[in-house]
Amino acid sequence: MTGGGEIKTNVRSSELKLQEEKRRLALLNESLTRSNTLTSGMVSTLDNFERKLESLDELVTPVYEATNELSFLLNNVDHSLLLVDSVLHYYEICNELQPTISSGPGGNLTEYLSELDRLEEAVKYFKRTTSVSERERVTQLFDLGRQRLVEETDKLILRYANPLSAKELIELCEMSETNRNDIHAMQEVDMGTLRRIIEWFNAHGFRQGLIDSYATKRGTMIRRSLQLLAEHLGKSSVRRISTNIIQPSPNLSTNNTSSTDTSKRPGIKLGDMSRLLKRPSGPGTLPRGVNSPVSTTLTVIEDNAMFDSSDHRDTNNYKLLLDAFIILLQRDRDLLNYVFPQELQSLVFTKLIELPLVHMREEAQRLCESIERLPHKLDSGKFAIYGIFSILKWFRKSRSTFSKLYQESDVARRQQFTTLSETFEKSAVIYLRGILEEVTTDTSSPSQGGNVHPLTSHVLAFMEGLLTYEDTATTIASKYIEQEQRSTSGGSSRTEKGLYDLGTYFARLIRSLHANLSKKIDGYMPRTDTVIRSIFLLNNINYLLKRLEGSSLLTMIERCQPNFLSKYQADLQTSLSDYTKCYSSIIIPIQQMFEYDNNNRISDTKLRDRDREQLKESFSSVNTAIDTIRQQCEQYIVSDVVLRKRLRDEGKKLILELFKKYYDKFAHKDFTKHREKYIRYDPVALERIIDNVFEHRA
């Protein structure tokens, strides 16, 4: 029972669950049916909407396409109208711009340049078309416009292209840097106008003609200004000295840009230069005057050696021209910074300086040729030669100024100025050769009384004056020696080589001097008259050594000839030995008398006839010899006090002791009744005579 009840219970429970599940299934079926119904309705609605959209699309698309086509056609019409307007403008532009272009820029440069740009567009257009007549019309009008611009440029340039008078240019040289542009300076407005025109030409590819026009007109102005100054200096009797050391313009920086810095040009004090040229002269070192034509010349040379050795009018005038030349170039270089673009400045400047540079070269050539024709370059003409060296010194000091005139990249163009200095360098080499030739071929006679020859003084004065320009002279002497010897100085540096070559030239000069002096002795003085020959050489060699003693000249010479001083000291000693031979006429009869006494034993009491005759002859010979020496020495001149004393001392050392023995031994002997006739000189008198030699000509 119990078991059957549980089964029934389980069956009933299962039936209840089954009924519940069936109910749920019925609900699900109902929901599914309802969902299917809704889905079908939505699908039907969407299908209906899609059909309506398709119908609408079929209506709108043709309208849209028609609208786009109409817009495209409208744009084409507008563009065509613009092209037609522009083409019509090109055909009408000649008539429109003819009055404006023909009249020139006038006071409205901006508008004029704008109209030219429009005209240039028309020229470009007609170059692409076949309309020849219109192309010619537009091109002619454009060329006319450019011509009017060129004329405007020429008018502006010529307005400031009047050459400066000599007075204005001299004032310009004396002005400070900040005031130099006040004379004939271009107004700022005109500079701006000129720059805009030049920039327009440069942008449109027409710069070369304008560069040539500007450079030619400004160069002509500079050349004419220099010509007026040269004519003025040529007519003026006042000697002008260029004391200006040109400094770079304050507006010329290393990049050729304007600057506000200013600088002053210092001047050379003539007192300082005079002190540099003065040579201390101790007592007794200069030749004493004589009553002969050469004495005046000798004195003049010594005096002139103490003044400015560049005191030559023509060369000083040329240095003033150089000052003016550089100042004018600086002014124009400054102007280029304001007028021309930087890339054109060097081209314009190179072209601009051609005419004035040609003029300066012509003046340099004329100056060098005139100096080359001067006679007596060693004497009166030496100041002209010093002037050439002072010009070369000017170039040396102004090298940095030349560099400032160019841009850093214009190294090649800087060589324009070297052609100018080379003219003077070549001439200076010729002058050095001429001086050496003049010394070698001098045919003047020896100085009266064997005094220092003017040639000796001239040579030393020339060398001392040349030493004032030591840096320049070393360069020129190097070129001369290279031309003459084609040799180098081993591993020496350039400066040492230059000094070596200058010393070589000085040594050659002195060697030629000594050879010429020796030639004068052989040509004018008897070989038997050894006294005057030795006096002449003594005076000149001693004068040479005294002038060179302790000087930089000697240092230079001994660099290439270490034995120079010892050689001439030996020559001096040789001439001194030759001079002392004049006492042989006294020594010989004295020695003969001693020899006679040794052989014949002259008695102190009673003399033989032959003894008396021998004593008379001996004393007569000694008297005659002393008289001859005294008379000769009255004719000879020894200017140097120290040399004069040395000659006297040598004479005393050679003769006094011997004469005293001779006098003491033989003068007391009774060999004549006329003692005053034979015994005229005692040792004291002879010493007094020697002390007074060379004093009769003061």
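This passage describes the overall make-up of a predicted model and two of its local sites. Local features were taken at pLDDT of at least 70 and side-chain atom pairs at pLDDT 80 or more, while totals for chains, interfaces and linings use all residues. Residues are numbered from 1 along each chain as its sequence is written, and side-chain values use heavy atoms, with hydrogens and water left out.

The protein contains 25 helices and zero strands (DSSP runs numbered from the N terminus; helices are H or I of at least four residues, strands E of at least two). Of its 698 residues, 44% are buried (under 20% relative accessible area; exposed is over 50% and partly exposed in between, with a 1.4 Å probe and protein chains only). Among contacts (heavy atoms within 4.5 Å) between residues at least 6 apart in sequence, 81% join residues at least 24 apart.

Asp47, Glu50, Glu54, Asp57 and Glu58 form a negative surface patch. Such a patch joins like charges within 9 Å, from residues with over 30% relative accessible area and no salt bridge (a side-chain nitrogen of Lys or Arg within 4 Å of a carboxyl oxygen of Asp or Glu). Asp and Glu count as negative, with the charge placed at CG of Asp or CD of Glu. Glu54 lies in helix α1, residues 2-103, and is partly exposed because its relative accessible area is 43%.

Ser552 belongs to helix α19, residues 552-560. Ser552 is also partly exposed, at 39% relative accessibility. Between Ser552 and Gly503, the C-alpha to C-alpha distance is 10.0 Å, with a sequence separation of 49 residues.

Note on methods:
Patch = residues over 30% accessible without salt bridge, like charges linked within 9 Å, V, L, I, M, F, W, Y side chains within 5 Å. Areas by Shrake-Rupley, 256 points an atom, 1.4 Å probe, with all protein chains shown as cover.
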